Every structure is written in structure tokens, then in C-alpha cells.
Amino acid sequence: MLIIVIFTPLDQSLTIEKHLIMAFELPKLPYSFNALEPHIDARTMEIHHGKHHQAYVTNLNKALEGSDSQNQDISEICKNISKFPAAVRNNGGGHYNHSLFWTILGPDSKALSGTLNDAINATFGSFDNFKTQFGNAGATRFGSGWAWLIVNGSGKLEICSTPNQDNPLMDIAETKGAPILGLDVWEHAYYLNYQNRRPDYISAFWNIINWDEVAKRYAQLTK
Ligand code: MN
């Protein structure tokens with residue numbers, strides 16, 4: 001087959017670019033499915049990433065089909081979520097939340113040090129207090145949802161939780177801020193390995209946090 005490439009003047013190609021609708025895509029998992037074992041099993045990761053997150057992406061694209069919002073940053077959509085239908089809130093939230101979740105997890109969790117560690121100690125009294133409060137936020141979230149560590153509007157750390165696929169970026173959130181750490185407490189995140197034992201899953205979470213990524217997010221929000 002002969003492929004002819006026609007070069008257009010720069011300004012014209014930019015015009016074409018502007019009208020091209022980019023669909024949201026499932027981000028690649030930054031480690032293998034079994035990398036978080038024994039804390040999160042490979043089968044759970046495979047289904048969670050490949051089925052659940054993929055479904056949020058597919059349904060978000062369906063909900064925004066033909067709309068310019070498909071070219072928008074997902075965090076910008078979250079910040080204005082009250083202007084969108086419920087399908088965008090649920091699936092856009094799902095896409096944002098899981099995209100963050102995969103990056104703050106990692107196989108070689110090192111102890112946290114530096115500025116974020118200091119801020120956690122100053123805000124919550126001690127790292128253990130922080131763990132207890134964050135764990136409680138996840139454990140007491142009734143039904144499905146997320147626990148979060150956020151940087152709020154005053155630049156301070158705060159713990160909160162959200163129902164379903166809501167997140168603290170959303171303009172409808174009870175507690176607002178930018179998430180730097182999130183924990184998925186939907187049953188699909190832990191049921192195969194932990195069944196109904198959500199507290200055991202939450203305890204295991206502390207072994208698989210990529211603190212470098214969390215600290216990076218904190219530094220970007222507080223610089
Ligand atoms: Mn999930």
C-alpha cells in the first residue's frame with residue numbers, strides 16, 4: 001500500500017489538532033501484577049486494573065463522546081464535576097482515583113523521611129497517629145469509597161474519605177483539597193484475598209506505599 005503524507009502549514013495542522021477528540025486511556029500499571037504480593041495478590045491487581053479501571057475509562061469516554069471535555073485534563077473535570085452528569089462523576093472519578101492509586105503503590109516501600117514526614121508528625125502528632133486516623137477513615141467509610149490524605153486550601157495536610165468514586169478535588173466534596181495519598185476501600189480492591197476483612201487490607205497497605213511519589217506530590221503542592 002502506498003501511503004502519501006501531506007505536510008500542511010503549521011497553523012492549519014494546529015487547527016486540525018484542536019478538533020481531534022482524544023479519548024481517555026487506561027494508564028499502564030507501573031509494575032507487574034504480582035509486584036505487591038503478598039499484600040495485594042496478582043489476580044486482584046489484574047482484575048482491578050484491567051477490568052474495573054478499564055470500565056471506568058470506557059464508560060467515561062462513552063459519557064463524554066463528542067464533547068470537548070474529552071480533551072480536558074481529568075483533574076480539571078473533577079474540579080468542575082457539578083456541571084457534568086452522574087456518569088462522568090462516577091467514571092471520571094473512577095479514572096482519576098485509580099490512576100493516582102497505581103502510582104502511590106509500589107513493591108519496595110521505604111520508611112518516609114524529609115519534609116512530608118515532618119509535616120505528618122506536626123499535623124497528626126506522630127506517624128502512628130496518622131496511620132490510625134487514616135486507617136479509621138478507610139475502615140469507617142460505609143459501603144464503597146476512598147480514604148485520602150490531602151493538601152487542603154490552606155496548604156495543610158488533612159485526612160478525609162469520600163463515597164463511591166468521588167474524590168476531594170470535586171467541587172461537590174465535603175472536604176476539599178488535592179489528594180497525595182489515596183486508599184481504595186471498595187470490596188473489589190481486596191475481596192479475593194481478604195474477603196470481609198477490610199481492616200487487614202488497610203494494615204497491609206502500609207507495606208506497599210511508594211512514599212517517593214507521595215512526597216513528590218506534596219512537594220509540588222506546597223512549593
Ligand atoms: Mn477500585
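Biologist: In which loop is the place of Q195?
Modeller: This is a predicted model. Helix α7 covers 191-194 and helix α8 covers 198-205. Q195 has its place in the loop between α7 and α8.

Biologist: What is the phi of Q195, and is the residue buried or partly exposed?
Modeller: The relative accessible area of Q195 is 32%, so the residue counts as partly exposed. Most residues other than glycine have a negative phi. Q195 is not glycine, yet its phi is positive, near 45°.

Biologist: Which loop holds N164, and what is its phi?
Modeller: Strand β2 spans 157-163 and strand β3 spans 178-184, with N164 in the loop between them. N164 has a relative accessibility of 40% and therefore counts as partly exposed. Its phi is again positive in a residue other than glycine, near 50°.

Biologist: Is the peptide bond from E37 to P38 cis or trans?
Modeller: P38 lies in the loop between α1 (10-19) and α2. Most peptide bonds are trans. The bond from E37 to P38 has omega near 5°, and it is cis.

Biologist: Which helices do H48 and H98 tie together?
Modeller: H48 lies in residues 42-63 and H98 in residues 86-104, so the pair links parts that are 50 residues apart in sequence. The helices are α2 and α4.

Biologist: In what order do the elements of the chain run?
Modeller: The chain has nine helices and three strands. From the N terminus on, the order is α-α-α-α-α-α-β-β-β-α-α-α.

Biologist: Which residues have the most contacts inside the largest nonpolar core?
Modeller: Of the 223 residues in the chain, 44% are buried. The largest nonpolar core has 61 residues. Those with the most contacts inside it are F130, F134, L149, L157, L181 and F205.

Biologist: What is F134 in contact with, leaving aside its neighbours within four places in sequence?
Modeller: F134 is one of the core residues with the most contacts. Its partners include A147, W148, I159, G182, L183 and W206. Also in contact with F134 are L149, L181 and F205.

Key. Residues numbered from 1 in each chain as written. Predicted model: local features only at pLDDT ≥ 70, side-chain atom pairs only at ≥ 80, totals over all residues. Heavy atoms only, no water. Helix = DSSP H or I, 4+ residues; strand = E, 2+ residues; numbered from the N terminus. Buried < 20%, exposed > 50% of the residue type's maximum accessible area, 1.4 Å probe, protein only. Core = buried A, V, L, I, M, F, W, Y, C linked by side-chain atoms within 4.5 Å. Contact = heavy atoms within 4.5 Å.
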